[in-house]
Amino acid sequence: MRHRRALGVLLVAAAANLSGGSPGAEGAPPGDAAAGPAPAGGPVVLELFTSQGCSSCPAADRLLTRLGSDPQLLTRVFPLAFHVDYWNHIGWTDPFSSASWSERQRRYARAFGSGRIYTPQLVVNGRREAVGSRVEDVYRLAREALETEPAAAVRVRLSPGGPDTLRAAVTARLERPIAGGSGEPLEILVALYQKGLTTSVPRGENSGRALENDYVVRLLERAGELPAKAGAELEAGVAFELEPQWRRPDFGVVAFVQDPATLAIHGAARATLEIVE
C-alpha cells in the first residue's frame, strides 16, 4: 500500500501492554448539528475522497479544514483527504491524486455493499458515509461516532529521521473484544498528511480557481498486524521518505487500527512534530 516512495516499514515487536490516542474546524455548523457540546469519546477518523477536478469538492475540502480546527472536536477528530485519480481525464490532473486512493474508496464501496463511488464522499471510522459537503450530515455522523469508545488504544510519535525522512513510532493495544469483527488480524496503518497546500487550477471544472487543501494524504503505510484478541499489543515503526518538492512544514501522521475485511476502524492517534494526541 505505497504511494510514491517510502523508506520501509520497521517492525519492532508484538504481543504485551499499552495506552490511548485521539480530531477537528473553525466555527460551528448551522442548525441542529451545532446543538450542545460534542460527546467526550473518540477518536474518530474522517476520510474525504475528493478531487481538484470536481466542482462540488472545494466545499467539502473547506469543511474538512473546519473539522480539523473545530474547538469542540479538536484532538478527537482526525481528518484525512484522499485525492482520487478518476477525475484526471476531465481537463485537469490533480497533483495529489493516486490510483491507490481510488482503490481504497472502491474497497469501501464493496464493504458498504453499495458498489458506488463518488466525490466528495466522507467515510467516518470506516463504517458510515455521507456526501462530504453536507455540513449537518457530516457533523451528525462525527458526533455519533464520538459516542462509541474505541476497542484499541493507539499512540504515535513523529520525529525527523534526516532532512528528507520522517519516522513514526506506533504502539497499539486491543483493550476489548471486537463485536461483529471479521476475526482476522487487524491492520495498523499510518497516513502521512500535509496541510496548507494551495493550487492554481487552469483547466477542468475548477478552472481559474485557487484551491486550498489540508490534511492531504501523501503516503499510507502498513506498519504491522494486531491479533484480534483482547490484550494483543504491537510496537512498530514506519519511515517516510519526503519528495524534494514537498514543503517541510505542516506534516502530520494519523495511525489507526482497521479490520481488513469490514474496514471498520477501531482506534487511532495523531501526531505532528509538535504534538501527540
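In the predicted model, the buried residues of helix α1 pack against strands β2, β3, β4 and β10 (209–213) and against helix α3. The residues concerned are Cys57, Pro58, Ala60, Asp61, Leu63, Leu64, Leu67 and Gly68, which are buried in α1. Helix α1 has 13 residues, and its first and last C-alpha atoms are 19 Å apart, close to the 18 Å expected at 1.5 Å a residue. Helix α3 (residues 135–146) has 12 residues and should span 16 Å at 1.5 Å a residue; the distance between its end C-alpha atoms is 17 Å, which agrees. Buried positions in α3 are Val138, Tyr139, Leu141, Ala142, Arg143, Ala145 and Leu146. These buried residues pack against β2, α1 (57–69), β3 (77–83), β4 (121–124) and β5 (128–131).

Overall, the chain has three helices and 14 strands. Of its 277 residues, 53% are buried. The accessible surface comes to about 11,300 Å², and carbon and sulfur atoms account for 51% of that area.

In soluble globular proteins, nonpolar side chains tend to be buried together. The largest nonpolar core here has 41 residues, and Leu80 and Phe256 are those with the most contacts inside it. With residues up to four places away in sequence left out, Phe256 touches Val45, Leu80, Arg104, Glu187, Ile188, Leu189, Ala191, Leu220, Ile265, Gly267 and Ala268. Another core, of 30 residues, lies apart from the largest one and includes Ala152, Leu166, Ala255 and Ala269.

Val190 lies in strand β8 (residues 186–194) and is buried, with a relative accessible area of 0%. Neighbours within four places in sequence aside, Val190 is in contact with Ala168, Val170, Leu219, Leu220, Glu221, Ala223, Val238, Phe240, Val253, Val254 and Ala255. Between Val190 and Gly224, the C-alpha to C-alpha distance is 9.9 Å, with 34 residues of separation in sequence. Val44, found in strand β2, is likewise buried, with a relative accessible area of 0%. Val44 and Ala268 are 224 residues apart in sequence, whereas their C-alpha atoms are 7.2 Å apart in space.

The structure holds six aromatic pairs. In one of them, the ring centres of Phe49 and Tyr108 are 6.1 Å apart and the planes stand at 65 degrees; the pair is edge-to-face because angles over 60 degrees are classed in that way. Phe49 belongs to strand β2 (residues 44–50) and Tyr108 to helix α2 (residues 99–112), so this pair ties together parts that are 59 residues apart in sequence. Both Phe49 and Tyr108 are buried; for Tyr108 the relative accessible area is 0%. Tyr108 also pairs with Phe112, with ring centres 5.7 Å apart and planes at 25 degrees, so this second pair is stacked. Tyr108 and Phe112 both lie in helix α2, four residues apart, or about one turn of the helix. Phe112 counts as partly exposed, at 27% relative accessibility. Ring pairs link Phe49, Phe82, Trp101, Tyr108 and Phe112 into a cluster.

The structure holds zero disulfides. Among the cysteines, Cys54 is buried, with a relative accessible area of 1%, and Cys57 is buried, with a relative accessible area of 0%.

Most residues other than glycine have a negative phi, and most peptide bonds are trans. A cis peptide bond joins Thr119 and Pro120, with omega of about -5 degrees; Pro120 is found in the loop between α2 and β4. Thr75, in the loop between α1 and β3, has a positive phi of about 75 degrees although it is not a glycine. At 30% relative accessibility, Thr75 counts as partly exposed. Asn125, also not a glycine, has a positive phi of about 55 degrees and is found in the loop between β4 and β5. Asn125 counts as buried, with 9% relative accessibility.

Terms used
Residues numbered from 1 in each chain as written. Predicted model: local features only at pLDDT ≥ 70, side-chain atom pairs only at ≥ 80, totals over all residues. Heavy atoms only, no water. Phe/Tyr/Trp six-rings, centres within 6.5 Å; stacked < 30°, edge-to-face > 60°. Helix = DSSP H or I, 4+ residues; strand = E, 2+ residues; numbered from the N terminus. Buried < 20%, exposed > 50% of the residue type's maximum accessible area, 1.4 Å probe, protein only. Core = buried A, V, L, I, M, F, W, Y, C linked by side-chain atoms within 4.5 Å. Contact = heavy atoms within 4.5 Å. Expected span 1.5 Å × (residues − 1). Disulfide = S-S within 2.5 Å. Areas by Shrake-Rupley, 256 points an atom, 1.4 Å probe, with all protein chains shown as cover.
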